[in-house]
Amino acid sequence: MKVKLRKEKHISSRILPSGKLNLLIQIQRNGKMIRKTIDASEYTTPAQAMDAACIIRDEILNDIRNGLYSDKRILTVKELYVLSHEIFPCAYKTKLKHDHYFNTSISLYSDKPITDISVLDIQNNVNQYSKNHSQTEIERLLSVWKRLYKTAQVKEIDVFDKTINIVVPRSKKITKTREVIISDENFNKFLETLLTYNTWTDRGAYHSLSIYYMLMIMYYTGLRNAEVFALTRDDIDFKNGCIHVRKAVGSNENETGVVIPTKTNESIRSVPIASNLEPILKDLLNWTNHEYLISDFRGDLYETDFVSNYIHNVAKKAKIKFNAYMLRHKFSTDLIKSHVDLRTIQELMGHTNGEMTLGYARSSNEDKKKAILERTKLK
């Protein structure tokens, strides 16, 4: 039986050996054929079957426009990781940290499509990492997983962020308490050693004196070492009695040791110059003719790692534990002991909140002993 039907794009008709009329919807999409079949016998007339086929065809075309029939290959975990740094670029040093977390742990799933990663996969990955890494490192590992899902969403991959279901385990690693504050006595001992360290060469003597000035600025202002490295003459404002903090030395997307904006908006601040610091700053300005006041022998920006290693070697020679960041802890601690209000200390240190400022304050062993003795007296 021959049936005459109107012509419609993407729709053809055929008579089966059984005599039934079928309508075939065929739409090609990037080399793939999408097919649907309509049994005309389910409709009152062939014309009604064609109307139904047209509705289905139009729905398919609309779904194609909305990406439902996308033929995109689902990206693997490794591919998403690479893309994450193209879509969400970060500082070079941060990228190196991400590489570390990926290569030492997440790379186990490198070739697996992100849609095949289960909540259990991530939970096991994090649990395993917790056995020999600190709590901070565990949370940073999880943050890299989060970047993968964020990238997948930007690439319109139909997958939800499975990290939201992860229970962050407590670290199984036993760590020693680190000294984060230094006494005035030990700090002076360090400075004495520093000023005689490597003085037999012009380069060594320069670096020792330059780092001395850096530490004195940190001691009296609480500035970060990266902020001190970026100071220029314009930032030292004797007229208004303050140091303007507007920039720091850090890393951009491609390299380290470049001038960048301060860590946060709250880090942009003006810190008063203490009376003891003023003559030190004037000596520094007379001593150096470099653009950056605290810079290396050639006038280039200091690499943080170089200065950290230099300080470590001097501290080792002085037989004391010391690093530059202890001075920020000491700055915060001394101000709290002097009953300076928390908001003022927070603004001086360039912190985003008071909890961070309190986290920098530490009690010395002498303070703790005094507290125990005072309590004993109450008995």
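Helices here are DSSP runs of H or I with at least four residues, strands are E runs of at least two, and both are numbered from the N terminus. With that noted, I looked up His329 and found it in helix H11.

**Ground rules.** I am reading a predicted model, where local features need pLDDT of at least 70, side-chain atom pairs count only at pLDDT 80 or more, and totals for chains, interfaces and linings use all residues. Residues are numbered from 1 along each chain as its sequence is written, and side-chain values use heavy atoms, leaving out hydrogens and water.

**Helix H11.** I checked the length of H11, residues 326–337, first. The expected span of a helix is 1.5 Å times one less than its number of residues. For these 12 residues that gives 16 Å, and the end C-alpha atoms are 16 Å apart, which agrees.

How many residues of H11 are buried? I found 9 of its 12, so the helix is mostly covered (buried means under 20% relative accessible area, exposed over 50%, partly exposed in between, with a 1.4 Å probe and protein chains only). Among them are Met326, Leu327, Phe331 and Leu335. His329 also counts as buried, at 11% relative accessibility.

Next I asked what covers the buried residues of H11. The cover includes helix H6 (184–194), helix H7 (202–221), strand S8 (269–272), helix H12 (342–349) and helix H13 (354–360), where contact means heavy atoms within 4.5 Å. I also noted that His329 and Tyr360 are 31 residues apart in sequence, yet their C-alpha atoms are 4.9 Å apart in space. After H11 comes His339, with a positive phi near 65 degrees.

**The sheet with S8.** I followed S8 into an open sheet of 3 strands, ordered S4-S5-S8 with antiparallel pairing. Strand S4 (236–237) and S8 are the edge strands, each pairing on one side only. Two strands pair if DSSP finds at least two bridges between them; strand S5 (residues 242–245) and S8 have 4 bridges. One to look for on screen is His244, whose bridge partner in S8 is Ser270.

**Aromatic rings.** Rings of Phe, Tyr and Trp (its six-membered ring) pair if their centres lie within 6.5 Å; planes under 30 degrees apart count as stacked, over 60 as edge-to-face and the rest as tilted. By this rule I get 15 aromatic pairs. Phe187 and Tyr219 are stacked, 5.3 Å centre to centre with 15 degrees between the planes. Phe187 lies in helix H6 and Tyr219 in helix H7, so the pair ties together parts that are 32 residues apart in sequence. Is Phe187 buried or exposed? At 2% relative accessibility, Phe187 counts as buried, while Tyr219 is partly exposed at 24%.

I then opened Phe229 and Tyr302: their ring centres are 5.6 Å apart and their planes at 55 degrees, so this pair is tilted. Both residues are buried. I also found a cluster in which ring pairs link Phe187, Phe190, Tyr219, Tyr220 and Phe322.

**Charges over rings.** A charge sits over a ring if NZ of Lys or CZ of Arg is within 6 Å of the ring centre and within 35 degrees of the ring normal. The charged end of Lys150 sits over Phe88, 4.6 Å from the ring centre. Lys282 lies over the face of Phe238, at 5.4 Å from the ring centre.
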